[in-house]
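Please view the sequence and the model below before reading on.

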Amino acid sequence: MIGIDNIAFATSDYFIDMKDLAESRGVSVDKYYIGIGQKQMSVIPPNEDIVTLGYSAARQILDKTDDIGLFILATESSVDQSKSAATFLLNFLKLPSNCVAYEIKQACYGGTAALFSAFDYVAMNPGKRALVIASDVARYPINTPGEATQGCGAVAMIISENPRILSINRATGVYSSDSLDFYRPNFTEEAIVDGALSARLYIKSLKNCLTDFTSKSNIKIEDIDYFCYHTPFVKMATKAHSHIDTAGQRNIDKTLIYNSIIGNTYTASLYLSFISLLDNIETDLSQKIIGFFSYGSGNVGQFFTGQIVDGYANLSKKPYNIATLKNRQKLSVKEYEMMIYEKISLYTQKNKLVVRKSNPRSYDFAN
Ligand code: HMG
């Protein structure tokens, strides 16, 4: 058995309420709360990025590091075109120097690509573990339809033999094709998106992945107890799920609680949805089969399954997660605009990694 041995997420310390954004943009709040399904959105301050978010997630699950032979950082919000941000984190997380560390990209699918590369590495290297961090900042231009689907966050996962949370099944269904539904060329910090096309391709990818999956796996869709989706916004996941659960019997509400108040976290989004399920479902998930749909624009999709391991709840970080979200500071729309578009640091932060002003690529501990 190989799979997720431990998992944790991090987001920024700031959020805006979608009600405030709706009022400011002259849009009905129901469009955001109901039509898109988002209640809040995490906002990244100028002194945080994918490295600080990734660090905050990973430090919760790294006990010892000497047996970690592979570390993959999945992101589409990278800080450098050449030097991988994984090398910053290798240093901050004190990973061994004989650990291979690199960064990968395929839009939101990157986290899943990293997870399966880690799976194969562990299968080939008995006794070794791998670290996967999916970390992203979702950015769209101000006052565009995409603005309401921003967010930021990271999920860190340890992949190992005899995992304590989820055993992953290697049989998967995949679908890849070339599209320009969502992309971010080098000249812009914000994504260029054809929203309607992207939503259509997401659903097309899901259907094709399921066809491929059912032709390869001995697990049937009816055998799956819970479903987690890549969640660019809540309504996208519920629409996708209606194609699978036509009878409306397998509710996915618990998988969407965190995503609905953090927003899109690109590579981390699917795995945040899994943490939301682990934290918020009241029934015992032991031995339950979970279906995962990963979609990355451009586009690559994958459907796979895993089985929850007995005793998974011993690793629960629910109290910490709830406190993390509760302690975020609410911003006005003006403050959010200053942070995101004018890159003004409004507050100082303690016990966080920050970017030194003198050298924007040099990280150090605050205080
Ligand atoms: P929009 O065009 O402003 O919204 O942008 P809309 O007019 O399509 O309305 C959205 C929904 O709100 C509709 O519901 C409306 O009816 C409803 P639907 O018909 O879809 O069921 N609505 C209301 N409901 C209640 N009360 C009201 C009301 N008014 C309207 N008063 C869009 C929406 C999602 C397109 C935009 O936010 C966008 O472009 N977002 C970014 C792209 C995106 O997230 N795409 C998702 C699929 S692609 C993907 O997941 C990959 C991605 O994560 C990137 C990666 O892979 O790296 C994005």
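## Ligand surroundings

The model is predicted: local features need pLDDT of at least 70 and side-chain atom pairs pLDDT 80 or more, while totals for chains, interfaces and linings use all residues. Numbering starts from 1 along each chain as its sequence is written, and side-chain values use heavy atoms, without hydrogens and water.

An oxygen atom of the ligand lies 2.6 Å from a polar side-chain atom of Lys 31, and a polar backbone atom of Cys 108 is 3.1 Å from a ligand oxygen atom. For Ser 28, a side-chain N or O atom is 3.3 Å from a ligand nitrogen atom. The protein buries 71% of the 1,100 Å² that the ligand exposes when taken alone (accessible area by the Shrake-Rupley method with a 1.4 Å probe).

## Backbone features

Ala 107 has a phi near 45°, a positive value in a residue other than glycine. Its place is the loop between strand E5 (100-104) and helix H5 (110-124); helices (H or I, at least four residues) and strands (E, at least two) are DSSP runs, numbered from the N terminus.

Gly 298 and Asn 299 are joined by a cis peptide bond, with omega about -5°. Asn 299 belongs to the loop between strands E13 (289-296) and E14 (300-308).

Technical notes: Polar contact = N/O pair within 3.5 Å; in protein donor to acceptor, adjacent residues only side chain to side chain.
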